[in-house]
Amino acid sequence: MAGKRVLITGLATFWGGLVAQALEQDPDVDVIIGLDTREPSVELERTEYVRTDENYSILSRIVKAARIDTIAHTFLIIDSTSMQPRTMHEINVIGTMNLFAAASAPGSTVRDVVVKSSSYVYGTGGEDPYWFTEETNRSRTPRTRVERSLEAVEGYVRDFAIDNPHVNVTLLRFSNVLGPDIETPISRALTLPVVPSIFGFDPRFQFVHEDDVVRSILYVLQHHLAGIYNVAGDGLLPWSEVAHLCGKPTFPMPPFGTGLASWPLKQLGVELPDELLDLLRFGRGIDNRRLKADGFQYRYTSAGTVRAFIEALRLRSTVGSTERSYRYERDVEQFFRHSPAVLSHEPAGELADPRTDP
Amino acid sequence: MSDADEPTPTVADAEVLDAAAIDAMLLGETTPSYLPVPDPRGRADDNDVELDDPRMGDVDEWGRSESIRSLTRKIYDPIYKHWFRAEWEGLEKIPTDGGALLVANHAAALPSDAPVIMHGIETELERPVYGLADALFKTMPVVGTLWSRAGGVVAHPDNAYRLLREQGQLVLVFPEGSKGPGKTYTQRYRLRRFGRGGYVEIAMRAGVPIIPIAVVGAEESMPIVWKSTALAKATGLPYFPVTANQLLFGPLLGGLAYFPAKFKLKVLDPVSFDVPPDQERYSKSRVMEESERIREQIQSALYDMLRERRSVWFG
């Protein structure tokens with residue numbers, strides 16, 4: 001049987017890059033094509049990068065021409081502070097709509113689709129259950145932009161799954177992600193000298209490690225799992241303990257007019273979006289048992305994730321940036337990949353993994 | 001709390017890494033851990049490993065904290081013993097293990113029955129009780145957090161199912177909801193509607209018995225003289241009472257200080273349902289019928305207890 005031919009959306013995003021890197025290690029994957037509006041920010045060996053606009057107008061041609069059978073839709077914006085609302089809407093809602101239009105075009109070869117969604121689709125409030133299962137409906141209509149756009153995205157996913165019963169459609173809903181490299185409003189709040197909280201509230205938090213995020217995406221693709229899965233580390237811990245694990249005191253904001261009180265923080269560059277303020281009030285637990293029952297094993301618990309995050313942060317504050325300082329050079333990449341002069345397909349840089357040396 | 005007993009794996013790990021590995025690490029050239037390469041710590045995907053869970057506090061996944069619970073027990077015990085002088089009958093009907101749904105009548109402007117029932121069972125039977133309450137509590141700053149640390153859980157069918165069916169716990173629920181405590185003194189010991197029978201459906205789905213409890217004394221501990229509908233609407237509270245306690249002790253102290261009414265609690269015979277658990281839905285007529293029967297049992301037990309009661313304060 002021929003290997004997989006994978007299309008990744010959002011190659012230049014944190015998740016797109018990581019998933020592409022991980023898929024490159026899989027010998028069963030023949031072709032990896034990554035779409036994005038910007039050039040990738042991580043080093044890639046054999047992933048083909050295609051520049052598109054954010055709503056993928058050329059997508060159906062690519063799917064057809066490259067006979068794509070697997071789509072990893074990682075280009076969904078969860079961090080509402082990272083861009084304008086309009087751009088987020090274009091990327092999340094319009095992008096997903098066009099992606100599924102292309103994937104369901106007549107003669108489409110797509111057989112597996114995995115979508116990286118978020119537990120923000122559940123919302124959170126006082127009346128909600130302590131754990132959301134994959135079947136739990138949200139109790140009130142979404143209030144924030146991210147939640148609204150994720151709900152629209154999931155609607156397209158559902159429609160696509162119903163219209164294309166021969167395709168394995170997997171919707172992964174990730175809990176709050178932390179880890180050594182990812183930056184989110186929560187990770188930024190935890191890097192402050194004092195961690196913002198809401199007075200009188202100490203909600204339960206759940207986290208998933210960035211490695212477990214990538215591993216779970218690969219896992220569902222590898223095992224052709226279909227359906228909705230929550231992805232979150234075991235255990236929940238109160239926000240005060242999250243701060244305590246990071247070795248920091250909490251700084252309570254008033255419980256009334258909290259949005260107004262968080263304004264000075266925004267001026268300092270730490271924006272607490274509405275969906276995070278809701279979390280700081282009510283917290284959220286998601287039931288992670290379905291994916292575990294299908295054989296997935298986590299590497300980190302919620303508390304373990306917080307510790308991994310803070311240890312990486314301490315290391316970085318001591319020795320400086322440990323991130324890969326890679327810059328995509330189109331011409332150099334083209335040379336290494338396509339020039340007849342290149343005899344071995346080593347990665348572009350010479351810093352190959354020391355463990356593969358003879 | 002001290003950090004002294006925290007493991008420090010980074011230091012230990014760093015000692016065994018050679019300089020080249022550290023360089024590689026700093027350059028970001030270590031293979032990410034999700035790749036299928038042998039992990040230096042000997043972890044593999046296919047064997048079950050006990051994950052490291054560096055917790056620092058004692059707050060569990062329901063939001064309860066054992067240290068806060070034992071503290072509140074210590075503070076509340078004299079009130080239970082000497083103020084309300086709670087007296088139980090039929091405690092042996094409550095199972096010592098496995099899930100069961102405790103159902104009781106609900107009264108007093110600031111309900112005094114919930115802590116009496118929970119504290120009584122927890123100390124006499126040494127079993128935790130999870131008290132279900134309106135989500136309103138969770139939305140109140142400080143109160144909501146303390147309530148949750150002390151053992152309160154938002155009344156949601158999913159929460160009740162998880163506690164009863166999956167964790168085999170005792171769960172306490174007041175089917176009258178806020179209509180019980182929100183009634184005026186003239187209506188005392190007359191049970192309100194038992195919701196829409198949702199508690200029966202939960203017990204059926206969880207496959208646990210319902211144990212009715214009749215409580216006498218709560219009504220007189222903080223009776224409502226008058227209610228303001230307008231203020232209730234304005235504050236968003238289910239009812240806005242003026243209590244006899246407030247008339248006597250002033251609005252603030254009277255809002256918290258109970259009268260020393262004598263508490264008597266009677267555990268009635270457990271009710272089991274011969275229906276299979278985990279069904280999508282149960283016959284609504286059956287649910288309502290069972291709910292009404294349980295309500296009547298508690299109501300007639302209350303009348304019996306009141307017939308025998310000689311004094312509100314001495315029982």
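Q: What counts as a helix or a strand here, and where is Gly16(A) placed?
A: Helices are DSSP runs of H or I with at least four residues, strands are DSSP runs of E with at least two, and both are numbered from the N terminus. Gly16(A) has its place in helix α1 of chain A, which covers residues 14-24. This is a predicted model, in which local features need pLDDT of at least 70 and side-chain atom pairs count only at pLDDT 80 or more, while totals for chains, interfaces and linings use all residues. Residues are numbered from 1 along each chain as its sequence is written, and chains are lettered from A and ligands numbered from 1 in the order in which they are written.

Q: Why does Gly16(A) count as buried?
A: A residue is buried if 20 or more other C-beta atoms lie within 10 Å of its own, exposed if 12 or fewer, and partly exposed in between, with C-beta atoms placed from the backbone. Gly16(A) has 25 C-beta neighbours inside 10 Å, and therefore it counts as buried.

Q: What is Gly16(A) in contact with, leaving aside its neighbours within four places in sequence?
A: Two residues are in contact if their C-beta atoms, placed from the backbone, lie within 7 Å. With those neighbours left aside, the contacts of Gly16(A) include Ile8(A), Thr9(A), Gly34(A), Asp36(A) and Phe75(A). Gly16(A) and Ala72(A), 56 residues apart in sequence, are 8.3 Å apart in space from C-alpha to C-alpha.

Q: What makes chain A as compact as a globular protein of its length?
A: Chain A contains 13 helices and 13 strands. Its radius of gyration is 21 Å, close to the 21 Å that the globule rule gives for 358 residues, so chain A is as compact as a globular protein of that length. The radius is taken over C-alpha atoms, and the globule rule is 2.2 Å times the number of residues to the power 0.38. The C-alpha trace of chain A spans about 65 × 50 × 40 Å along its principal axes, and 48% of the 358 residues count as buried. Among the contacts in chain A with a separation of 6 or more, 79% are between residues 24 or more positions apart.

Q: Why are β3 and β11 of chain A said to stand at the edges of their sheet?
A: Two strands pair if DSSP finds at least two bridges between them. Seven strands of chain A form an open sheet with parallel pairing, in the order β3-β2-β1-β4-β5-β6-β11. Strands β3 (48-51) and β11 (227-231) of chain A each have a single partner strand, so one side of each is left without a neighbour in the sheet. Within this sheet, neighbouring strands are turned by 20° against each other on average, direction ignored.

Q: How do you know that β1 and β2 of chain A are joined, and which way do they run?
A: Six bridges join strand β1 (residues 4-9) of chain A to strand β2 (residues 29-36) of chain A, and the two run parallel. Lys4(A) stands opposite Val29(A) in β2(A). Helix α1(A) packs on the sheet, where it touches β1, β2, β4 (70-73) and β5 (112-118) of chain A, and its direction makes about 165° with that of β2(A).

Q: Why is α1(A) called oblique to α6(A)?
A: Axes are lines fitted to C-alpha atoms, for helices over the stretch in contact, and angles run from 0 to 180 degrees between N-to-C directions. The axes of α1(A) and helix α6 (residues 210-222) of chain A come within 10 Å and cross at roughly 55°. Angles under 35 degrees count as roughly parallel, over 145 as roughly antiparallel, 65 to 115 as roughly perpendicular and the rest as oblique, and therefore α1(A) is oblique to α6(A). The contact is made by Leu18(A), Val19(A) and Ala22(A) of α1(A) with Val214(A), Ile217(A) and Leu218(A) of α6(A).

Q: What makes both faces of strand β8 of chain A covered?
A: In strand β8 (residues 195-198) of chain A, Val195(A) and Ser197(A) on one side and Pro196(A) and Ile198(A) on the other are all buried. Strand β8(A) pairs with strand β13 (residues 250-253) of chain A in the parallel sense over four bridges, and Val195(A) stands opposite Thr250(A) in β13(A).
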